Number of protein chains: 2
Amino acid sequence: MVAKVVERQMGVALWRQIADRIRLAISNGDYDATGMVPPETALAAEFGVNRHTVRSALAALAEEGLVRAVQGRGTMIERKDRVSYPISRRTRFSQGLGRQVREIGTELLGHAQVPASGEIATALGVPPGTPLIELSTVSSGDGRPLSTAVSYYPAERFARMAEEYAQLGSVTKAFAAHGLDDYVRVSTEIVARHAEAEELSLLKLSPGAIVMETQSVNADLEGRPVEYSRTRFAADRVKLRIET
Amino acid sequence: MVAKVVERQMGVALWRQIADRIRLAISNGDYDATGMVPPETALAAEFGVNRHTVRSALAALAEEGLVRAVQGRGTMIERKDRVSYPISRRTRFSQGLGRQVREIGTELLGHAQVPASGEIATALGVPPGTPLIELSTVSSGDGRPLSTAVSYYPAERFARMAEEYAQLGSVTKAFAAHGLDDYVRVSTEIVARHAEAEELSLLKLSPGAIVMETQSVNADLEGRPVEYSRTRFAADRVKLRIET
DNA sequence: TAGTGGTCTAGACCACAAG
DNA sequence: TTGTGGTCTAGACCACTAT
């Protein structure tokens, strides 16, 4: 093998040069056989640097979402394309992804009946304390986790929300089962931040990964709010498309 | 001083415990006198750990956007509130920020006339190679950089765009100076990612900081595209509000 | 010049996954 | 048991800022 040259004392940190080399090797497909980056010790030997220097490089690539390290197993290469998730007056999760993914997966993590807290009560236009159904879900496309959400519905009107969702796998269909055939997106707020521990695990992300969090309200055609949702999208796998 | 207790071998990494302590101290206002976190060596002594362990903790906080390290000077505490930037059919930068900031700053970094490349030509609905005016700008609120943008305008129709913008400090007013009194947002795409080197410097961010990048098209009331923009918002300082 | 953060090395040990 | 990534220490030197 040709020795990999890294320039010392040349104004560019070694770990940056090594990160660039590994990024290039990945895009060249050098590691396609295994889908893994070589072990840290191997890379350290290859580049003639300390293992910690390689770790700095890999940490940078993990932050970019290009690789994902798993203790005991190795450092895997991640896909880097994004599906486009449309947000419009009629936002529907499954329809929106359409032909971008072959298979859409929805999982109900849990559900509960909870009293409306201040912020959520305001969003839903109900008195604080009103009983709400809370659903926690994870959605994926072709097996890749795309988003996780916590959603709230007025319990009186949508009493069987959890059961219907678990069975039908769709909020739209669960609404229909309660006699609500149409609803519209009223408002959406978007922030981007680093994923928290729970999100890392639910969305299978590396520490330092980014999530886009949307807080949204949907209402029926009379303008009565029917859903408040807090959705976190894996920023490396999803882009949002606003349709105005 | 009371020795700060960090628990070793208790399943939580020292650097995480230290990050939590520093985060708490910041929110308690312990460092308000200087607006700076103590030097790394001082923190290492305070917690009884190696300086590198403190560096891991500070790196995590920098990624959160809570602090910003500057070589030779120290580690400064950052503000953490976000202004809300509305995106609607009639999106206007200055109006949108309204009363959230006292003073809006716009700076024209540079301008050029360039031929339309494939993607931009498609977005603007012009043949590739059509002359476009390119504007590079940075906008800030109360002195904090909020966003940086590169925008393109058909050169034939908006010949004096750069000069008008430089003088008026507003795209809306520069359009008006060309006889265009109204325009609407046609499409917006949003991705979130880590800031690149140029963005770090323009927006005064720490390495690892997040930007939300929007790609948008505005059109006149006849539907003719008048602007294609690529805007990067500092994610720690801005949230996007979609009005549907 | 002194003080600060940035980089790199060397070595040790731990936690987790796979055989 | 072996190999992997994760954490921590110790020490050195560099680059930049303030004085």
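## A salt bridge to start with

Start with Glu189(B) and Lys239(A): their side chains come together in a salt bridge, 3.6 Å from N to O. This pair runs from one chain to the other, with Glu189(B) sitting in strand β8 (residues 184-194) of chain B and Lys239(A) in strand β11 of chain A. Keep in mind that what you're looking at is a predicted model.

How many salt bridges are there over all chains? The count comes to 35. Across the interface of chain A and chain B, the rule finds two, and the Lys239(A) and Glu189(B) pair bridges these two chains.

## Where the two chains touch

The contact draws on 25 residues from chain A and 25 residues from chain B. On the chain A side, Ile190(A), Ile242(A) and Thr244(A) lose the most area to chain B, and together they make up 26% of what that side buries.

As for polar contacts, nine residue pairs are counted between chain A and chain B, both partners being at pLDDT 80 or more. Which elements of chain A give two or more residues to the side that touches chain B? They are β8 (183-194), β9 (210-220) and β11 (238-243). The largest share comes from β8(A), with 10 residues. Sorted by class, the chain A side has nine nonpolar, seven polar and nine charged residues.

## The largest cavity, in chain A

The largest holds about 440 Å³ of space. Its lining takes in 30 residues, and those nearest the centre are Tyr85(A), Phe93(A), Val171(A), Glu227(A) and Ser229(A).

Several elements of chain A give two or more residues to this lining, among them β4 (83-87), α4 (93-97), β6 (131-141) and α7 (171-177). β7(A) gives the most, with five residues. By class, the lining of the largest cavity splits into 11 nonpolar, 16 polar and three charged residues.

## The second largest cavity, in chain B

What about the second largest cavity? It has about 30 Å³ of space. The residues that line it are Val83(B), Tyr85(B), Phe93(B), Leu97(B), Leu146(B), Ser147(B), Phe233(B) and Val238(B). Two or more residues come from each of β4 (83-87), α4 (93-97) and β7 of chain B. Seven of the lining residues are nonpolar and one is polar, with no charged residue in the set.

## A pocket in chain B

Finally, have a look at the second largest pocket, with a volume of about 530 Å³.

Strand β7 (residues 144-154) of chain B supplies the largest share of the pocket lining, five residues. The pocket lining as a whole has 12 nonpolar, 17 polar and four charged residues.

Note on methods. Residues numbered from 1 in each chain as written. Chains lettered and ligands numbered in written order. Predicted model: local features only at pLDDT ≥ 70, side-chain atom pairs only at ≥ 80, totals over all residues. Heavy atoms only, no water. 1 Å grid on protein atoms, 1.4 Å probe; cavity = no way out; pocket = protein on both sides within 12 Å on 5 of 7 lines; lining within 4 Å. Points joined across faces, edges and corners; volume = space filled by probe spheres on them. Helix = DSSP H or I, 4+ residues; strand = E, 2+ residues; numbered from the N terminus. Nonpolar A, V, L, I, M, F, W, Y, C, P; charged D, E, K, R; others polar. Contact = heavy atoms within 4.5 Å. Buried area = accessible area lost by both parts, 1.4 Å probe. Salt bridge = Lys/Arg side-chain N within 4 Å of Asp/Glu carboxyl O. Polar contact = N/O pair within 3.5 Å; in protein donor to acceptor, adjacent residues only side chain to side chain.
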